[in-house]
Amino acid sequence: MKRLLFLTIFIAGQLTVFAQSDNIQVSNKWCSRKDSMVLFAAGNNVIQVYCPGLKPSEIKLKSLDKSLRIGIPEIKGDTTNVIAMPYPDKGKSMRLAILNSKTSKQIKVVEFRCDTIPKLLAKIGNLPGGDTKKKDILAQSVMKTFFPRSLYNYPYSIKQYTFRVSTAKGSAIIPVRGFFITNDVLKEISAAPEGTVIEFTDIKATCPDCAPRSLDNIKIRIR
């Protein structure tokens, strides 16, 4: 009878662990796809862990490989957050163990892969650049930053830029602070004839914890 009771308790405990493992949510805050276990070399990575049925204080995180280093976890609401630093030169495997801090039982092991960060670029609203219809340019209201063909989405924003245009009627140079496409800029674009090349130069972007950085110029031909 005691053996049966022990076996029942053991099975119940295992089922609880499996259920927690299935429901646990792990993601990199600065990866645009939350179901992709990706860390970015030389980038900002914050692993977020949420486990239904457990308080954040009951979760312990442990790196299982030298290729993955983690900072001191911080609790924000119902989620455990930890800064992660990938070192792909130390090995391909980047495993993070999630444990119950009370029982030391392993709930889940998550394996991350590492990706590089492409050059940060600027764009006009949602436009791809190149030859663009005037109406589509005028429909945009802000300049944006993006990392081409990458899931990295650390929040950079445009700090300043200079708009330049030259036509047979004259030229204009408009310095702008911030990321909005101002009315002065839109007025010049509206008046420019088809075939005119407009330029956005001296583009600088910044993020919450970094100094401003210069981005490549943008050229668009109005068609």
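Mentor: Leaving aside residues up to four places away in sequence, Ile203 touches Ala122, Met143, Ile158, Gln160, Tyr161, Arg213, Ser214, Leu215, Asp216, Asn217 and Ile218. Please keep in mind that this is a predicted model.

Trainee: Which residues touch the most other members of the largest nonpolar core?
Mentor: That core has 36 residues, and those with the most contacts to other members are Met143, Tyr161, Phe163, Val185, Ile198, Phe200 and Ile203. The elements giving two or more residues to it are strand S2 (38–40), S10, S13, S14, H3, S15 and S17. S15 supplies the largest share, 5 residues. Another core, of 19 residues, lies apart from it and includes Ile24, Leu54, Val82 and Met94.

Trainee: What makes the buried residues of H3 line one face of the helix?
Mentor: In helix H3, which spans residues 183–191, the buried residues are Val185, Leu186 and Ile189. Viewed down the helix axis, the buried residues of H3 fall within an arc of 95°, so they line one face. The face turned away from that buried side carries the exposed residues Asn183, Asp184, Lys187 and Ala191.

Trainee: What covers the buried residues of H3?
Mentor: The cover includes helix H2 (134–138) and the strands S13 (157–167), S14 (170–177), S15 (197–207) and S17 (218–222).

Trainee: Why is Gln140 called buried?
Mentor: Buried means under 20% relative accessible area. Gln140 has 14% relative accessibility, so it counts as buried. Gln140 lies in the loop between H2 and strand S12 (143–146). Beyond residues up to four places away in sequence, Gln140 touches Ile124, Gly125, Asn126, Leu127, Ile181 and Leu186.

Trainee: Why does Asp115 count as partly exposed?
Mentor: Partly exposed covers the range between buried, under 20%, and exposed, over 50%. The relative accessibility of Asp115 is 28%, and therefore Asp115 counts as partly exposed. Asp115 is found in strand S9 (residues 106–115). Not counting residues up to four places away in sequence, Asp115 touches Val38, Leu39, Phe40 and Ala41. Asp115 and Asn44 are 71 residues apart in sequence, yet 12 Å apart in space, C-alpha to C-alpha.

Trainee: What makes S10 and S12 a pair?
Mentor: Pairing requires at least two bridges. S10 and S12 have 4 bridges, in the antiparallel sense. Lys123 has Lys144 in S12 as its bridge partner.

Trainee: Why are S2 and strand S4 called edge strands?
Mentor: The open sheet of 4 strands has the order S2-S9-S8-S4, with mixed pairing. S2 and S4 (59–63) each pair on one side only. The twist averages 30° from one strand to the next. S4 is joined to strand S8 (residues 94–100) by 5 bridges, and the two run antiparallel. Ser63 stands opposite Leu96 in S8.

Trainee: Where does pLDDT stay under 50?
Mentor: It stays under 50 over residues 4–12, for which the model has 0 contacts beyond four places in sequence. The protein chain averages a pLDDT of 92, and 90% of the residues score at least 70.

Conventions:
Residues numbered from 1 in each chain as written. Predicted model: local features only at pLDDT ≥ 70, side-chain atom pairs only at ≥ 80, totals over all residues. Heavy atoms only, no water. Buried < 20%, exposed > 50% of the residue type's maximum accessible area, 1.4 Å probe, protein only. Arc of directions from axis to C-beta. Contact = heavy atoms within 4.5 Å. Core = buried A, V, L, I, M, F, W, Y, C linked by side-chain atoms within 4.5 Å. pLDDT = per-residue confidence, 0-100. Axes fitted to C-alpha atoms, helices over the stretch in contact; angles between N-to-C directions.
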